[in-house]
Amino acid sequence: MGLFNNLKDRFNKAEFTVAPNKKLKTISKEFMDTFDLTLAFYKGSVLADGDLTLNQLNQKTTKEVKAKSDVALKIKGSTKVGDCEKMFDETFGVKVQVKDKEGKICVPNGITLGQAARKEY
């Protein structure tokens with residue numbers, strides 16, 4: 001069943017796109033709606049305020065947040081969790097953690113978002 005699910009993740013039309021001008025809570029909600037997983041944004045090692053936009057987060061951190069990036073981040077269910085987190089860092093300069101639906105447990109970096117959504121870890 002795992003092989004079938006992995007193939008399904010590759011061809012699933014659900015795709016998550018991040019625009020740099022959205023509020024963090026909006027991005028997190030859309031991530032939850034798409035993958036049934038929690039996306040947590042961090043300001044340093046502290047959870048960021050969900051009412052901030054990526055640009056506002058830039059003003060609150062020492063690390064440069066690339067909120068003006070013209071690149072729209074696109075993520076699919078076949079994307080590995082670690083790659084997803086790295087994409088946020090490289091595209092926007094933002095630290096994120098992918099967690100389970102309840103937002104309590106960080107999911108392993110080596111599995112896909114689809115596998116994490118199905119709790120295959």
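This is a walk through a predicted model of one protein chain, from its overall layout to single residues.

Begin with the layout. The chain has five helices and five strands. Read along the sequence, they follow the order α-β-α-β-β-α-β-α-β-α. The chain holds 121 residues, and buried residues make up 40% of them. Among contacts between residues at least 6 apart in sequence, 64% join residues at least 24 apart.

Next comes confidence. The mean pLDDT of the chain is 82. Of its residues, 77% reach 70 or more. Among the elements, β5 has the highest mean pLDDT, at 95. Helix α1, residues 2-11, has the lowest, at 52. Where pLDDT is low, the predicted coordinates should not be read in detail.

The largest nonpolar core has 26 residues. F31, F41, F88, V98 and L113 have the most contacts inside this core.

Beyond residues up to four places away in sequence, V98 touches F31, L37, T38, L39, V81, C84, E85, I105, C106, V107 and L113. Two of these partners, F31 and L113, are themselves among the core residues with the most contacts.

Setting aside neighbours within four places, I75 contacts E15, F16, F35, C84, M87, F88 and L113. I75 and T34 are 41 residues apart in sequence, yet their C-alpha atoms lie 9.9 Å apart in space.

Follow the chain on from β4 and you reach T79, in the loop between β4 and α4. Is T79 buried or exposed? T79 is buried, because its relative accessible area is 15%, and the cut-off for burial is under 20%.

The buried residues in α4 are V81, G82, C84, E85, F88, T91 and F92. An α-helix has 3.6 residues a turn, so residues three or four places apart point the same way. Just after α4, G93 takes a positive phi of about 70°.

Most residues other than glycine have a negative phi. D36 has a positive phi, near 60°, and is not glycine. D36 lies in the loop between α2 and β2. With a relative accessible area of 34%, D36 is partly exposed. K119 is another non-glycine residue with a positive phi, near 60°. K119 lies in the segment after α5. K119 is exposed, with a relative accessible area of 55%.

Finally, look at the charged pairs. How many salt bridges does a search of the whole structure find? The search finds six. One of them joins the side chains of E30 and K22, at 2.6 Å from N to O. E30 is partly exposed, at 27% relative accessibility. K22 is also partly exposed, at 24%.

K29 and D33 form another salt bridge, at 2.8 Å from N to O. D33 is exposed, with a relative accessible area of 52%.

A further salt bridge joins K101 and D36, whose closest N and O atoms are 3.5 Å apart. K101 lies in the loop between β5 and α5, and D36 in the loop between α2 and β2, so the pair ties together parts that are 65 residues apart in sequence. K101 is partly exposed, with a relative accessible area of 43%.

Technical notes:
Residues numbered from 1 in each chain as written. Predicted model: local features only at pLDDT ≥ 70, side-chain atom pairs only at ≥ 80, totals over all residues. Heavy atoms only, no water. Helix = DSSP H or I, 4+ residues; strand = E, 2+ residues; numbered from the N terminus. Buried < 20%, exposed > 50% of the residue type's maximum accessible area, 1.4 Å probe, protein only. Contact = heavy atoms within 4.5 Å. Core = buried A, V, L, I, M, F, W, Y, C linked by side-chain atoms within 4.5 Å. pLDDT = per-residue confidence, 0-100. Salt bridge = Lys/Arg side-chain N within 4 Å of Asp/Glu carboxyl O.
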